[in-house]
Protein chains: 2
Amino acid sequence: MLRYFVVFYVLFGSLFVEGMWLAQPGPKYPPTKGEVWPKPQIEVKEKTFYIFNPSQFKVKILDQTCAILTDAIARYSYIIENKLGAKTRDIEPLTLLSLSTNNDTYFKGHLNELQITLTSPCEEYPYLDMDESYNLTVSSSAKLISSSIWGAVRGLETFAQLFYLSDDRNEIQVNETVIFDFPRYKHRGLLLDTSRHFITLPNILKTLDAMAMNKMNVFHWHIVDDQSFPYQSERFPELSERGAYDPSMIYTKADIERVIEHARNRGIRVIPEFDVPGHTGSWGNAYGGMLTECYENGQVIGFGPMDPTRNTTYKLLRDLFKEVQNLFPDTYFHVGGDEVELECWRSNPKLIEYMKVNNLTASDLHALFMRNVIPLLAKTTMPIVWQEVYDEGVSLSRVTLVQVWKYNWITEMINVLRTGHRVLFSSSWYLDALGSEWKDYYAADPRQMVFDVTGNETLLADIVGGEACMWGEMADDRNVINRVWPRASAVAERLWSYQDSMRRYKLSRAPSEAYHRIEEHACRMIRRGIDAQPPSGPGFCVV
Amino acid sequence: MLRYFVVFYVLFGSLFVEGMWLAQPGPKYPPTKGEVWPKPQIEVKEKTFYIFNPSQFKVKILDQTCAILTDAIARYSYIIENKLGAKTRDIEPLTLLSLSTNNDTYFKGHLNELQITLTSPCEEYPYLDMDESYNLTVSSSAKLISSSIWGAVRGLETFAQLFYLSDDRNEIQVNETVIFDFPRYKHRGLLLDTSRHFITLPNILKTLDAMAMNKMNVFHWHIVDDQSFPYQSERFPELSERGAYDPSMIYTKADIERVIEHARNRGIRVIPEFDVPGHTGSWGNAYGGMLTECYENGQVIGFGPMDPTRNTTYKLLRDLFKEVQNLFPDTYFHVGGDEVELECWRSNPKLIEYMKVNNLTASDLHALFMRNVIPLLAKTTMPIVWQEVYDEGVSLSRVTLVQVWKYNWITEMINVLRTGHRVLFSSSWYLDALGSEWKDYYAADPRQMVFDVTGNETLLADIVGGEACMWGEMADDRNVINRVWPRASAVAERLWSYQDSMRRYKLSRAPSEAYHRIEEHACRMIRRGIDAQPPSGPGFCVV
């Protein structure tokens with residue numbers, strides 16, 4: 001029974017030949033076995049393989065170590081042993097001893113050990129310029145070498161992904177392999193919106209697990225917005241008491257510390273966003289006076305962005321930001337600045353008068369607001385802003401990251417880069433575009449786009465990375481994992497993996513091997529508890 | 001804390017006024033309380049309400065009864081008591097006694113009992129022409145009257161949906177209400193494809209639970225297809241042994257019996273589809289000879305539809321269909337007939353010769369195949385076919401249901417109706433259109449469409465209903481519930497609920513109240529264990 005299964009699933013796919021659709025039995029893209037996602041920079045894999053047997057395997061730490069490393073070793077040992085799918089011997093008695101791999105030409109014996117050589121002391125928190133490179137050699141005595149704890153953690157993830165079950169699903173195998181690996185972009189992020197729908201802590205932790213599987217390193221926590229304010233402030237408890245959807249739908253200090261710790265152990269930075277002055281409706285539940293009253297025909301018709309002329313608002317933001325910066329260790333902080341409803345400001349009699357007296361436009365008011373807000377951050381804090389802040393001419397320090405998300409993104413990136421600022425790219429990576437598939441996200445490469453227009457390679461380094469954005473309108477606690485994965489995996493590979501010379505490729509289409517590799521990767525996520533959706537069509541995953 | 005929450009969430013939504021987007025705090029569409037989905041035909045609801053207290057409430061059966069009824073009473077009693085969301089008293093000590101509803105002007109006392117009068121003996125299995133009407137009066141002594149067990153089951157679902165938590169979330173309330181209800185269309189189905197991805201039994205049972213919540217009454221089980229053959233046949237075990245994705249991914253006889261029993265208890269028919277002669281790739285794993293070899297330049301390039309000239313194929317189908325009909329009690333059986341790759345038949349030397357000798361086209365071969373297959377069904381079995389079978393001129397008996405799914409559906413429906421056949425409509429209700437929202441599905445009404453073109457009301461009765469179709473390419477065990485619900489709820493309401501005079505409405509847009517009502521319904525599904533996705537945007541659901 002099993003024999004047939006294996007044969008068919010390897011042989012068949014789907015065919016479109018000379019005007020005939022011949023849908024064949026089995027998965028549309030049969031998954032690979034032991035292939036890594038995102039693809040390592042340099043990887044040489046042999047047909048020769050080793051058998052993994054937990055009782056005959058040891059991990060040896062030869063140089064530096066710390067809790068991050070030992071915890072990661074424990075996690076990945078468990079995964080290799082238990083998370084490769086049901087073994088035949090778990091399902092039925094092992095009768096077909098003749099299927100033993102020991103007679104296989106490529107069989108090279110047992111994997112005895114993994115030696116880990118970490119040549120520098122562990123760092124405490126991940127950061128933008130951290131070293132994530134590692135060197136991995138799989139032989140009977142495997143070796144992982146890194147000069148940074150973050151590289152060691154990435155290397156362990158790769159190591160775990162190389163394992164797969166034998167064709168008869170009785171043995172855990174790993175091929176003889178040499179890998180040298182490092183990321184192409186420094187900032188490989190995922191934005192999660194926890195305001196439009198509340199996402200519970202278990203799903204945030206799962207999201208971090210999945211990010212680690214995809215070597216993503218920034219969790220951009222868009223924690224509050226118009227609809228709800230789940231962040232529980234110690235200094236301003238009314239914000240969540242009145243702004244959260246429900247008393248059960250808040251993030252306490254302990255919750256946030258747990259997220260940061262979980263992320264840190266996986267080499268993931270956690271960057272909070274408190275988006276101002278727009279997208280702040282829920283702040284108004286506690287502090288209605290912060291928001292601008294919007295007028296029509298002399299009547300107040302609702303509330304708009306924060307009022308940029310009130311000193312008390314800046315005082316509150318200063319104190320709130322101070323608290324948040326004490327809680328989040330990352331040196332970056334996202335102050336938002338997108339989609340400010342200037343029409344509301346233009347409708348408010350007090351602001352009309354203010355603009356008249358000071359000879360300002362509504363757009364100038366936005367610039368004024370951001371100019372006032374950014375200095376409220378600690379001196380060591382680096383701001384991140386949405387592109388509108390740059391577009392409206394706020395003078396920004398060189399360290400500021402400008403997140404490009406709107407149309408005409410190539411022109412925008414070029415402008416931002418030419419004025420000496422750094423770019424985070426997101427325009428092509430909005431996961432709330434429900435009709436978009438992983439291959440659509442895969443096709444976008446910000447450096448390639450800028451190079452294609454400018455032919456200038458020196459600009460490209462200042463595109464420090466990008467973020468897949470899961471806005472929460474249609475994603476809640478029940479479907480968010482499915483919505484994000486494996487589509488965000490495409491962004492993760494684009495940001496991590498090798499790109500041949502910029503000059504050679506005009507279009508960054510997913511290579512056909514990636515269709516098969518992402519099938520294995522989605523199944524791998526499922527086996528590790530991340531309910532990824534089907535990447536590209538019919539198939540199955542034995543959990 | 002709670003007080004503020006309640007006030008804000010009732011007052012605010014989203015506003016678009018005079019060119020200003022004012023996103024307000026809280027859900028985009030605040031949910032209703034105790035409103036029924038699908039909307040009953042006639043419903044008169046008072047502001048006066050009763051408090052439900054399980055210790056003071058009894059269900060009395062006054063006339064006929066059976067296990068279907070007593071099981072349903074047990075199920076819905078549990079739901080009313082436990083599935084309306086967390087009560088305040090479960091979360092925090094009850095301190096605000098002043099919030100007691102007993103002083104409320106509209107408070108009318110406790111709900112003491114539900115009297116159920118079922119005037120006819122129970123039927124064993126649901127069927128196309130079953131009576132699903134019921135009469136429900138909610139007062140201190142509520143009354144449910146029906147002349148059919150199926151109506152009683154529908155009435156109990158409605159009864160359970162009328163309950164909601166008081167504003168302070170301490171009491172279970174229900175308004176004084178009179179309902180007279182019956183379905184608009186007889187056949188209100190959901191197609192589930194378990195071949196492209198395997199769906200486990202728990203999720204099929206959940207799907208049936210959700211269907212019952214939406215008063216859908218046909219589970220169209222598209223059980224096998226090109227990719228895999230999960231149906232385990234006793235007569236032909238090789239089909240699933242070689243055609244299933246994995247030995248763990250099959251439906252045994254016991255599994256299917258469990259599905260049928262679960263469905264029967266909820267007034268849901270289970271109609272199997274064994275799609276022939278196309279979409280049969282997985283059959284070929286066991287019986288390669290059944291399939292046509294497709295040629296290009298004298299070479300076999302793959303396998304296509306079943307070979308219509310082989311007698312052994314018809315013998316196998318006869319025996320298989322017999323087994324399947326013994327297992328599934330419904331009198332309807334779907335034989336498929338869609339998307340036959342005629343080019344393959346046109347490429348095969350043996351079939352070229354056969355067509356030449358018999359003066360047939362490839363399309364004639366399809367008709368020939370269906371003409372041979374339909375009589376293999378038992379004489380009492382009513383066939384359902386995809387529209388191609390009708391289109392290709394197979395002479396079909398009047399009892400045959402023609403399922404319309406392709407473009408130009410209005411013309412197709414009119415043609416089918418005018419030649420005296422009955423229509424099942426699906427074209428506008430493909431749930432695998434991932435960008436489509438519930439409101440898009442809601443807008444389609446097959447009778448309205450046909451009436452708008454023909455002005456002929458007498459044709460309309462033969463549109464017996466329709467089906468939402470969840471094809472499985474991008475839906476697997478992990479996301480299928482989310483993908484189907486609550487989008488299929490739109491189809492359910494369209495097929496159940498009142499439509500004012502055909503002449504009055506040209507377009508069947510969802511009324512604005514439905515946006516609020518479906519929010520409550522999606523949350524209701526979530527509370528009952530159906531992980532529905534957000535219907536229309538930001539919001540929350542207290543489980």
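1. Conventions. In this predicted model, local features need pLDDT of at least 70 and side-chain atom pairs count only at pLDDT 80 or more, while totals for chains, interfaces and linings use all residues. Residues are numbered from 1 along each chain as its sequence is written, chains are lettered from A in the order in which they are written, and side-chain values use heavy atoms, with hydrogens and water left out.

2. Extent of the interface. Chain B places 65 residues in contact with 65 residues of chain A, contact being heavy atoms within 4.5 Å. About 5,600 Å² is buried between the two chains, with carbon and sulfur atoms giving 62%; buried area is the accessible area (1.4 Å probe) that two parts lose on being put together, summed over both. M20(B), Y245(B) and R478(B) supply 12% of the area that chain B buries against chain A, more than any other three residues.

3. Salt bridges. The rule finds two across this interface, a salt bridge being a side-chain nitrogen of Lys or Arg within 4 Å of a carboxyl oxygen of Asp or Glu. D246(B) forms a salt bridge with R169(A), where the closest N and O atoms are 2.7 Å apart.

4. Make-up of the chain B side. Elements that give two or more residues to the side touching chain A include α1 (2-11), β15 (299-306) and α16 (480-484) of chain B; helices (H or I, at least four residues) and strands (E, at least two) are DSSP runs, numbered from the N terminus. By class, this side of chain B has 33 nonpolar, 17 polar and 15 charged residues. Ala, Val, Leu, Ile, Met, Phe, Trp, Tyr, Cys and Pro count as nonpolar, Asp, Glu, Lys and Arg as charged, and the others, Gly among them, as polar.

5. Helices α2 and α4 of chain A. Helix α2 (residues 67-82) and helix α4 (residues 149-161) pack at about 5 degrees, their axes 10 Å apart. α2(A) is therefore roughly parallel to α4(A) (angles under 35 degrees). Among the contact residues are I73(A) and Y76(A) of α2(A), and W150(A) and E157(A) of α4(A). The contact divides into 14 nonpolar, no polar and one charged.

6. Helices α10 and α11 of chain A. The axes of α10 (residues 349-358) and α11 (residues 362-373) come within 10 Å and cross at roughly 90 degrees, so α10(A) and α11(A) are roughly perpendicular (65 to 115 degrees). L351(A), Y354(A) and M355(A) of α10(A) meet A362(A), L365(A) and L368(A) of α11(A). This contact has six nonpolar, no polar and no charged residues.

Methods
Axes fitted to C-alpha atoms, helices over the stretch in contact; angles between N-to-C directions. Parallel < 35°, antiparallel > 145°, perpendicular 65-115°, else oblique.
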